[in-house]
Each structure stands twice: as structure tokens, then as C-alpha cells.
Amino acid sequence: MSTTRPYPPGDRGPEPSGASGASEGGMPGSGESEGGVPAGQAAVIGSPVSPSASPSQPVSAPEGDVAEGGGRQIRTLSFDDQSGVVPLARDFTRQALYAWGWLPSATADQRAAAEDVLLVVSELVTNACLHAEGPDELSITCEKKVIRLEVSDRGTGQPAPRNPHRAGRPGGHGMFIVQRLCLDWGVVRTPGVAGKRVWAELGAPA
């Protein structure tokens with residue numbers, strides 16, 4: 001089930017109690033999470049970009065992008081037997097942003113929106129590494145100027161920003177960053193299946 005917050009963007013409260021699992025402890029520069037639920041939606045494994053790819057240069061889009069009705073497009077990256085998953089996830093996401101027109105950016109606002117997407121990907125994947133034995137899969141969906149990121153893992157805990165948030169305190173900043181940058185975020189669990197899928201949505205500049 002989805003544990004979407006009932007609070008407006010920028011003023012979200014603690015994670016709703018409808019999801020199982022306890023909140024995890026803080027972590028340096030990243031969120032608190034665990035869990036891994038199979039995708040459960042049509043997607044295609046994209047060809048990840050080499051970690052050496054330059055962010056200032058467009059990269060070719062992987063073949064087999066899944067396009068759905070209304071211009072919805074989905075890309076999925078499996079982390080099976082992969083190392084360096086955070087830079088891998090960032091490069092894969094950057095590749096998608098180029099393919100979908102978010103990069104290269106023509107304005108400072110567009111550049112900031114793309115950087116926010118890359119930062120949230122880093123936080124969600126790092127969070128899974130620190131609290132859920134690593135991520136299983138990254139799914140990126142683009143629809144109507146909204147990017148939806150989903151990271152699945154096998155952990156049982158519940159991600160939540162540390163509350164109250166103290167900038168000078170080590171750890172616990174990841175989900176606070178996600179909360180502040182995203183239009184919304186939450187957790188999807190499948191009954192009878194271990195793990196979860198943590199999702200976050202970000203919008204393109206007006």
C-alpha cells in the first residue's frame with residue numbers, strides 16, 4: 001500500500017502509521033530506508049552509462065524505452081551484481097534526463113531541477129545501501145513534466161526524516177532532503193512480499 005503523506009508539499013509531517021516497520025536511525029548525508037518489492041509494472045532494463053560519462057555531454061538513450069499512454073515513459077535499472085551503485089544510478093538517471101529533454105538545461109531553473117532529481121536518486125540509493133542491504137532496482141518514470149523515482153530494496157524498516165531536523169547533527173539528513181525537494185514521496189509495500197519500494201516525485205520548472 002502507498003503511504004503518501006496527507007500534508008502539502010514543503011510542510012509534510014511524520015510518516016503515516018499505515019505502513020509497517022519502524023523508523024531507522026540517521027545516516028550521514030543520506031536518507032533512512034530499507035525494503036525491496038518487485039517492480040510490478042511494465043519496464044525495461046536500460047543500458048547504464050559508464051560512471052566516467054561527463055554530465056556536460058548528452059549520452060545516448062538506451063534502446064527499448066517503454067512508452068505508455070499520455071506520453072508516459074519508464075526506464076528501469078537492475079542493481080544485481082553491480083558495484084558502485086550510487087554513481088551508476090546517477091549516470092543512469094542523467095541519461096534519462098537527456099533523453100526526456102530535462103538536459104541539457106537552458107536556464108538556471110532547469111539546471112536546478114535536473115540536479116534535484118540526481119540528488120534525490122543519490123539519497124534514495126544511498127539510503128537503501130545503509131539501511132536495507134543495498135537497492136534491488138531503480139525505476140524512473142516521466143509523465144507530464146513530473147519525474148517519479150522508485151528504489152526497491154529488501155529492508156523492513158520505515159523511512160522517515162529525523163524530526164526535529166538539526167542541520168548540525170551528523171546523520172539523518174537524507175529523507176529530510178527528499179522531503180524538501182520533492183512534490184511528494186512515500187512507500188509502497190506488497191502484502192506477503194518482503195521489502196518495499198520508496199518513491200519520490202519531482203516537477204520540472206514552470
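Predicted model: local features only at pLDDT ≥ 70, side-chain atom pairs only at ≥ 80, totals over all residues.
Is Pro159 buried or exposed in this model?

The mean pLDDT of the chain is 73, and 61% of its residues reach 70 or more. Among the elements, helix H1, residues 85-99, has the highest mean pLDDT, at 98. Strand E1, residues 66-68, has the lowest, at 68.

Next, the layout. The chain has three helices and six strands. Read from the N terminus on, their order is β-β-α-α-β-β-α-β-β. The chain has 206 residues, and 46% of them count as buried. Take the contacts with a separation of 6 or more: residues 24 or more positions apart account for 71% of those.

Now back to the opening question. Pro159 sits in the loop between strand E4, residues 146-153, and helix H3, residues 174-181. Pro159 counts as buried because its relative accessibility is 0%, and the cut-off for buried is under 20%. Where does the chain come back towards this proline? One place to look is Gly186. Pro159 and Gly186 are 27 residues apart in sequence, and their C-alpha atoms are 8.6 Å apart in space.

A second pair of this kind involves helix H2, which contains Arg111. From Arg111 to Ala204 there are 93 residues in sequence, and 9.9 Å in space, C-alpha to C-alpha. Arg111 itself is partly exposed, with a relative accessible area of 43%.

Ala204 also turns up in a pocket. Which residues lie nearest the centre of the second largest pocket? They are Gly101, Thr107, Gln110, Ala204 and Pro205, out of a lining of 13 residues. The lining divides into seven nonpolar residues, four polar and two charged. The volume of this pocket is about 180 Å³.

On to the backbone. Most residues other than glycine have a negative phi, and most peptide bonds are trans. There are some departures to point out here. A cis peptide bond joins Leu103 and Pro104, with omega at about -5°. Pro104 is in the loop between H1 and helix H2, residues 108-131.

Asp81 is not a glycine, yet its phi is positive, near 60°. You will find Asp81 in the loop between strand E2, residues 72-78, and H1. Asp81 is exposed, since its relative accessible area of 85% is over the 50% cut-off. Lys145 is also not a glycine, and its phi is positive at about 65°. Lys145 belongs to the loop between strand E3, residues 137-143, and E4. At 59% relative accessibility, Lys145 counts as exposed.

Last, the cysteines. Cys182 is buried, with a relative accessible area of 4%. Cys129 is partly exposed, because its 35% falls between the cut-offs of 20% and 50%.

As for the question I began with, Pro159 is buried, at 0% relative accessibility.

Methods. Residues numbered from 1 in each chain as written. Heavy atoms only, no water. Buried < 20%, exposed > 50% of the residue type's maximum accessible area, 1.4 Å probe, protein only. 1 Å grid on protein atoms, 1.4 Å probe; cavity = no way out; pocket = protein on both sides within 12 Å on 5 of 7 lines; lining within 4 Å. Points joined across faces, edges and corners; volume = space filled by probe spheres on them. Nonpolar A, V, L, I, M, F, W, Y, C, P; charged D, E, K, R; others polar. pLDDT = per-residue confidence, 0-100. Helix = DSSP H or I, 4+ residues; strand = E, 2+ residues; numbered from the N terminus. Contact = heavy atoms within 4.5 Å.
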